[in-house]
Amino acid sequence: MKKAIVVGATSGIGKELAKVLVENNYKVGITGRRMQLLEEIKVTNPESYIPKYFDCTTDRNSDELSQLVNDLGGLDLLVMSSGTGGENSELNYSIDEKTINLNVKAFTEVMDWSFNFFRKQGKGHIVAISSVAGLRGSKYAPSYFASKAYQINYLESLRKMAKKPIYVTDIRPGYVDTAMALGDNLFWVSSKEKAAKQIFEDIKKKKAVGYVSRRWGLIAFALKLVPSWIYKRV
């Protein structure tokens with residue numbers, strides 16, 4: 001049985017992906033800040049879930065993850081699904097700070113620990129949920145878009161460092177029906193269940209980059225081509 005950790009599994013994509021992994025014969029360590037929600041997941045399949053309650057923005061991630069690996073009895077896959085962000089056109093620093101603490105600082109600590117663990121082990125697979133938002137800037141949520149750009153580039157850097165059989169997968173969702181899907185005029189919104197199934201397919205294929213849903217790859221391609229003087233007006 002393969003062993004996986006999903007960081008940020010109390011809700012949203014992380015929760016659904018942990019469920020898909022269990023359905024595909026993984027033993028899964030689930031983490032999050034809300035102990036009750038982790039316990040509610042565990043009772044659905046006590047033999048397959050191992051909950052670990054901690055806040056990756058304040059606790060020492062390396063210690064918590066190392067303990068969870070011991071509890072699992074090994075590790076083949078780590079998924080970083082924890083993230084935050086919000087509209088902040090007024091540039092309230094408290095919003096930016098919260099985003100940076102999770103999407104940049106905690107993300108980096110988890111990525112560093114994971115890569116070093118798999119490098120020492122000689123194999124493993126890192127998956128992180130970034131976003132299509134990381135491809136350009138935004139006047140509505142500057143720190144969120146910037147933090148996702150950081151993640152995209154950090155993951156690319158890890159891929160350049162990785163030697164097979166160590167793999168790094170960057171999942172870039174568009175809109176998914178979670179608490180993170182803020183704003184009006186949303187389109188191509190995927191359900192959490194559909195997103196999780198597509199992500200698992202990308203994991204199995206060990207893809208470098210995956211878009212959820214697939215057609216968001218078209219948006220990503222278009223965003224890269226739009227000149228700055230046009231994009232500025234959007």
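Okay, ground rules. What we have is a predicted model, where local features need pLDDT of at least 70 and side-chain atom pairs count only at pLDDT 80 or more, while totals for chains, interfaces and linings use all residues. Residues are numbered from 1 along each chain as its sequence is written, and side-chain values use heavy atoms, with hydrogens and water left out.

When I say helix or strand, I mean DSSP runs numbered from the N terminus: H or I with at least four residues for helices, E with at least two for strands. Buried is under 20% relative accessible area, exposed is over 50%, and partly exposed is in between, with a 1.4 Å probe and protein chains only.

Let's start with helix 1. Helix 1 has 12 residues and reaches 17 Å from its first C-alpha to its last, close to the 16 Å expected at 1.5 Å a residue; that expected span is 1.5 Å times one less than the number of residues. Nine of those 12 residues are buried, so helix 1 is largely enclosed by the rest of the structure. The buried set is Gly12, Ile13, Gly14, Glu16, Leu17, Ala18, Val20, Leu21 and Val22.

Now its partner, helix 6. Helix 6 has 14 residues and spans 20 Å from first C-alpha to last, close to the 20 Å expected. Its buried residues are Ala195, Ala196, Gln198, Ile199, Phe200, Asp202 and Ile203. What covers them? The cover includes helix 1 along with strand 2 (26-32), strand 4 (77-80), strand 5 (124-129), strand 6 (166-173) and strand 7 (209-212).

So how do the two pack? Helix 1 (residues 12-23) and helix 6 (residues 192-205) sit with their axes 8 Å apart, at an angle of about 60°. The crossing of helix 1 past helix 6 is right-handed, as in the near helix being turned clockwise from the far one by less than a right angle, with anticlockwise being left-handed.

Down at residue level, Gly12, Ile13, Glu16, Leu17, Val20 and Leu21 of helix 1 meet Lys192, Glu193, Ala196, Lys197, Ile199, Phe200 and Ile203 of helix 6, contact being heavy atoms within 4.5 Å. By class that contact has eight nonpolar, one polar and four charged residues. The classes go like this: Ala, Val, Leu, Ile, Met, Phe, Trp, Tyr, Cys and Pro are nonpolar, Asp, Glu, Lys and Arg are charged, and the others, Gly among them, are polar.

Second pair. Helix 3 (residues 61-72) and helix 4 have axes that come within 9 Å and cross at roughly 45°. Helix 3 and helix 4 are therefore oblique to each other, and helix 3 passes helix 4 in a right-handed crossing. Asn61, Ser62, Leu65, Ser66 and Val69 from helix 3 meet Ala106, Glu109, Val110, Trp113 and Phe117 from helix 4. That contact divides into six nonpolar residues, three polar and one charged.

While we're on helix 4, look at Thr99, which lies in it. Is Thr99 buried or exposed? At 2% relative accessibility, Thr99 counts as buried. Leaving aside neighbours within four places in sequence, Thr99 touches Thr84, Gly85, Val104, Ser143, Tyr144 and Ser147.

Most residues other than glycine have a negative phi, and most peptide bonds are trans. Leu91 isn't a glycine, yet it has a positive phi of about 55°. Leu91 is in the loop between strand 4 and helix 4 (93-121), and at 56% relative accessibility it counts as exposed. Lys206 also isn't a glycine and has a positive phi of about 55°. Lys206 is in the loop between helix 6 and strand 7, and at 38% relative accessibility it counts as partly exposed.

Then there's the cis peptide bond joining Lys164 and Pro165, with omega about 10°. Pro165 lies in the loop between helix 5 (142-161) and strand 6.

Definitions and conventions
Axes are lines fitted to C-alpha atoms, for helices over the stretch in contact, and angles run from 0 to 180 degrees between N-to-C directions. Angles under 35 degrees count as roughly parallel, over 145 as roughly antiparallel, 65 to 115 as roughly perpendicular and the rest as oblique.
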